[in-house]
Amino acid sequence: MADRKLFVEVVAADKVLYAEEAEMVVAPGYEGELGILPLHIPLVSLLKTGELRIKHSDHIDYFFVANGFLEVKEDKVVVLVSEAIPAHEIEPEAEVKAQEELKKMIAEAREKGEDVASLLEELEKSLARLKVAKKVR
């Protein structure tokens, strides 16, 4: 199995962000992380917001991903998500500022009795982006 590889595609909206061979994929499933190696059984799984790792023999590619699906078929893995950002494109300073602003907005909305679900979801995404960005810095 050491010479077998996975072909991995990361697709967000209508754009392929990544299409390369890899040795392993680790994705954020709802029941925990999903680790995919060559010769994995066929699988379709929901993905939650979090960190996607694509492992090669000499490095790991990190991505922030938000909500989607992972499909494994033979030695091919397709990650289809609503949003994906390579870790090196995430600006940690901007995420910290966004989190501060979101926390203020959440507090204000709660004081007014407004629904904060969408703001909490954005805060969760920002926290995940920052975590992923720190992997490459």
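This is a predicted model: local features need pLDDT of at least 70, side-chain atom pairs count only at pLDDT 80 or more; totals for chains, interfaces and linings use all residues.

Trainee: How many salt bridges does the structure hold?

Mentor: A salt bridge pairs a side-chain nitrogen of Lys or Arg with a carboxyl oxygen of Asp or Glu within 4 Å. K5 and E23 form such a pair, with their closest N and O atoms 3.1 Å apart. The number of salt bridges that the structure holds is 11.

Trainee: How many residues apart in sequence are the parts that K5 and E23 tie together?

Mentor: K5 lies in the segment before β1 (6-12). E23 belongs to the loop between β2 (15-22) and β3 (24-29).

Trainee: Is E23 buried or exposed, or does it fall in between?

Mentor: Buried means under 20% relative accessible area, and exposed means over 50%. The value for E23 is 28%. E23 therefore counts as partly exposed.

Trainee: Which strands are tied together by the salt bridge of R53 and E33?

Mentor: The side chains of R53 and E33 meet at 2.9 Å, N to O. R53 lies at residues 50-55 and E33 at residues 32-36, so the pair ties together parts that are 20 residues apart in sequence. The strands are β6 for R53 and β4 for E33.

Trainee: Of this pair, which residue is buried, and which is exposed?

Mentor: E33 has a relative accessibility of 54%, so E33 counts as exposed. R53 has a relative accessible area of 14%. The buried residue is therefore R53.

Trainee: How many residues apart are E51 and K135?

Mentor: The side chains of E51 and K135 meet in a salt bridge at 3.6 Å, N to O. E51 is in strand β6, while K135 is in the segment after α2 (117-133). The pair links distant parts of the chain, and the separation is 84 residues.

Trainee: Which residues make the nonpolar surface patch of about 510 Å²?

Mentor: One of its members is L46, which is found in strand β5 (residues 43-47). At 47% relative accessibility, L46 counts as partly exposed. The complete patch is made by Y30, V44, L46, F69 and L80.

Trainee: Which residues does S45 contact, leaving aside neighbours within four places in sequence?

Mentor: S45 also lies in strand β5. At 16% relative accessibility, S45 counts as buried. With those neighbours set aside, its contacts are L34, G68, F69 and L70.

Trainee: How many residues does the largest nonpolar core have?

Mentor: In soluble globular proteins, nonpolar side chains tend to be buried together. The residues with the most contacts inside this core are V8, V10, L52, I54, L70, V77 and V79. β1, β2, β3, β6, β7 (60-73) and β8 (76-86) each supply at least two of its residues. The size of the largest core is 20 residues.

Trainee: How many residues has the second, separate core?

Mentor: This core includes A66, I85, I90 and A128. The number of residues in this second core is nine.

How values were computed: Residues are numbered from 1 along each chain as its sequence is written. Side-chain values use heavy atoms; hydrogens and water are left out. Helices (H or I, at least four residues) and strands (E, at least two) are DSSP runs, numbered from the N terminus. Buried means under 20% relative accessible area, exposed over 50%, partly exposed in between (1.4 Å probe, protein chains only). Patches are made of residues with over 30% relative accessible area and no salt bridge: like charges are joined within 9 Å, nonpolar side chains (Val, Leu, Ile, Met, Phe, Trp, Tyr) within 5 Å. Accessible areas come from the Shrake-Rupley method with a 1.4 Å probe; for residues, only the protein chains shown count as cover. Contact means heavy atoms within 4.5 Å. A nonpolar core is a set of buried Ala, Val, Leu, Ile, Met, Phe, Trp, Tyr and Cys residues joined through side-chain atoms within 4.5 Å.
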